[in-house]
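Hi everyone, thanks for making time this morning. Let me put the structure up on the screen, and then I'll walk you through it.

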Amino acid sequence: MLDDAALDLIFRKARTHNAWRDRPVTDDDIRRIYELMKWGPTSANMSPARFVFVRSREAKEKLAPALSSGNLEKTMAAPATAVIGYDVRFFERMDYLFPHDDFMANLYRDDPVAAEEAGFRNATLQGAYFMIAARALGFDIGAMSGFDKDIATAAFFAGTSVKANFLCNIGHGDESVLFPRHPRLVFDDACRFA
């Protein structure tokens, strides 16, 4: 079991950051985050998430038209931004990822609506694993859904079967400009036993 310091780092004291210290996020950093997060479970090990890591000024300018006005400045200033997408044809890799049974791959191959839904849901899970892995490795994050997914898809996944899902800034946050922490629902407001 993780100790309280680790749980604080990942959850209780972790914050969504909007301002960043001048510290880079390197290729090796991003690889370390991915290599940790990839072990999170998905349905039938489908692993539909696809990532594009945006760091250069040129790449940020390519992302800028997709961003809402409230997310523009903080994303342009972030050391790295992950465009987290989902591959609607994830089943084409299931011979490798789920080799013992081709039933699941064929199920999704024959039902594009089910493939879209499963790909979106499981890639969203993988995006959450990505954020937890980044925090576990000492990075701060700022996830966003305030963007035009069609523009981001065209900019970073054109000609593929991948669609943009959400964005996540990565870096070392500037704690001096954090907003006060908002409350969360207590157990009895969000949960019940059946």
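I'll go from the overall build to the sheet, then to the helices on it, and finish with the pockets.

First, please keep in mind that this is a predicted model. The protein has 9 helices and 4 strands. If you follow the chain along the sequence, the pattern reads α-α-β-α-α-β-α-α-α-β-α-β-α. Along the principal axes, the C-alpha atoms fill a box of roughly 50 × 45 × 35 Å. How does the radius of gyration fit with a compact globule? For 194 residues, such a globule would have a value near 16 Å, and the protein has 18 Å, which agrees.

Now to the sheet. In general, strands of a sheet pair through backbone hydrogen bonds, either parallel or antiparallel. Here 4 strands make an open sheet, in the order E1-E2-E4-E3, and the pairing is antiparallel. Which strands sit at the edges? Those are E1 and strand E3, residues 140-144, and each pairs on one side only. Neighbouring strands are turned by 25° against each other on average, ignoring direction.

Let's look at one pair of strands. Strand E2, residues 80-87, and strand E4, residues 162-171, pair in the antiparallel sense over 8 bridges.

Two helices deserve a look here. Helix H7, residues 112-136, lies across E1, E2, E3 and E4, and runs at about 10° to E4. Helix H8, residues 149-156, packs on the sheet too, touching E1, E2 and E4, but its direction makes about 90° with that of E4.

The largest pocket has a volume of about 380 Å³. Its lining includes Tyr34, Trp39, Arg50, Phe51, Arg93, Tyr96 and Gln126. Which elements give two or more residues to that lining? They are strand E1, residues 49-54, and helix H5, residues 94-97. E1 gives the most, with 3 residues. By residue type, the lining divides into 6 nonpolar, 3 polar and 3 charged.

The second largest pocket has a volume of about 250 Å³. Among the residues lining this second pocket are Phe11, Arg15, Asn18, Arg135, Phe179, Pro180, His182 and Arg184. Here the division is 5 nonpolar, 3 polar and 4 charged.

That's my tour, and I'm happy to take questions.

Note on methods:
Residues numbered from 1 in each chain as written. Predicted model: local features only at pLDDT ≥ 70, side-chain atom pairs only at ≥ 80, totals over all residues. Heavy atoms only, no water. 1 Å grid on protein atoms, 1.4 Å probe; cavity = no way out; pocket = protein on both sides within 12 Å on 5 of 7 lines; lining within 4 Å. Points joined across faces, edges and corners; volume = space filled by probe spheres on them. Nonpolar A, V, L, I, M, F, W, Y, C, P; charged D, E, K, R; others polar. Pairing = 2+ DSSP bridges. Axes fitted to C-alpha atoms, helices over the stretch in contact; angles between N-to-C directions. Contact = heavy atoms within 4.5 Å. Rg over C-alpha atoms; globule rule 2.2 N^0.38 Å.
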